[in-house]
Amino acid sequence: MQTPLEPAIAEIVDGFVAAGRPKASNLSWQARREGYLSSAVLGGEREEVGQIEEWCEPQYAVRLYRPAQGAQTSHPALIYFHGGCFISGDFETHDRQLRMLCNSANALVFAVHTRLAPEHVYPAAHDDALAATLAIMARLDQWQGDPHRLALAGDSAGGHLTLVTCLRLKAMGAPLPAVQILIYPMLDAGGESQSYRDYGEDYLITADMLLSGYHAYLGVLPTRHPEASPLHHPGLAGLPRTHILTAEYDPLRDEGEALYRALLEAGVEASCQRQLGVIHGFFQLAGISPAARSAIGQVVAIIRAL
């Protein structure tokens, strides 16, 4: 039995359906980016943090959120990859929830912005995510971060990048984070699951939006390639502890939960929470969604427990 949508989310969904379910693939890339940015206000208030720093490397950029120092000499740290179907998203689309995570977890939060498609295709974003992670890990002590209390996380395409980054770190024998947190991750570029069929048309973040983003980024890479569809990656064993968040009315729900089962079969310590009554993208809706606030609390608890 399905759970009713949260009221504020139901209103958004009803408006989308009433507008004729406009197709994302009919919009320009710039329009899609601007539309995503315009939704950031739904993330709630912009909390003050202790300090913010930004720097740019040739292929990626990082924004560091520091908590107020207090008496602590060492903080847990979170490296976060934003969503946006590989074609949109930036620091501002995710600013509000990252400030919340910084303050509530009393953690260093490193937001990583990778190159976007279609200007930059595979493996650009994957390479950027790995390069940024290695660079941050190498200097973590300079920011008073504890390398033994490091988490990697991301939502949607950013969840995909989190998982592939951990797989690449493991393959190269590099240190792994203590935990990875995958928030409704994009894991299967084929888009053939039952949840794609059930929730791919009406719930704002549509199959068209997700798969057109995949196509723009992956180009000619086969959809079954293990870095296009890491759900099917043969090297899941040995990954760090993993927590997965899925949404009831999300085309990506089934693949996130399939990954959870695959991780358990591979001997990885894993947990999975399906958030009821919400759609893909709800993690960025803390200003209107109780489930979003609950999910942020889940992530905070994981980081604080490191």
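Start by selecting Gly173, which follows helix H5 and has a positive phi, near 75°. Helices here are DSSP runs of H or I with at least four residues, strands are runs of E with at least two, and both are numbered from the N terminus. Before you go on, note that this is a predicted model, in which local features need pLDDT of at least 70, side-chain atom pairs count only at pLDDT 80 or more, and totals for chains, interfaces and linings use all residues. Residues are numbered from 1 along each chain as its sequence is written, and side-chain values use heavy atoms, with hydrogens and water left out.

Now step back to H5 itself, residues 157-171. Its 15 residues reach 21 Å from first C-alpha to last, close to the 21 Å expected at 1.5 Å a residue (the expected span is 1.5 Å times one less than the number of residues). Color by accessibility and you will find 13 of the 15 residues of H5 buried, so the helix is largely enclosed by the rest of the structure. Buried means under 20% relative accessible area, exposed over 50%, and partly exposed in between, using a 1.4 Å probe and protein chains only.

Next, go to the loop between strand S4 (108-113) and helix H4 (124-139), where Pro118 is found. The peptide bond from Ala117 to Pro118 is cis, with omega near 0°. Pro123 lies in the loop between S4 and H4 too, and the bond from Tyr122 to Pro123 is cis, with omega near 10°.

Two non-glycine residues with positive phi come next. Cys85, at about 60°, is found in the loop between strand S3 (75-81) and helix H3 (95-105); at 6% relative accessibility, Cys85 is buried. Tyr184, at about 30°, lies in the loop between strand S6 (179-183) and helix H6 (194-199), and at 1% Tyr184 is buried.

A salt bridge is a side-chain nitrogen of Lys or Arg within 4 Å of a carboxyl oxygen of Asp or Glu, and the count comes to 15. Select Arg63 and Asp95: their closest N and O atoms are 3.1 Å apart. This pair joins strand S2 to helix H3, 32 residues apart, and both residues are buried. Arg63 also bridges to Glu92, at 2.7 Å. Select Arg46, Glu54 and Arg99 as well, and you have a network of salt bridges that links them with Arg63, Glu92 and Asp95.
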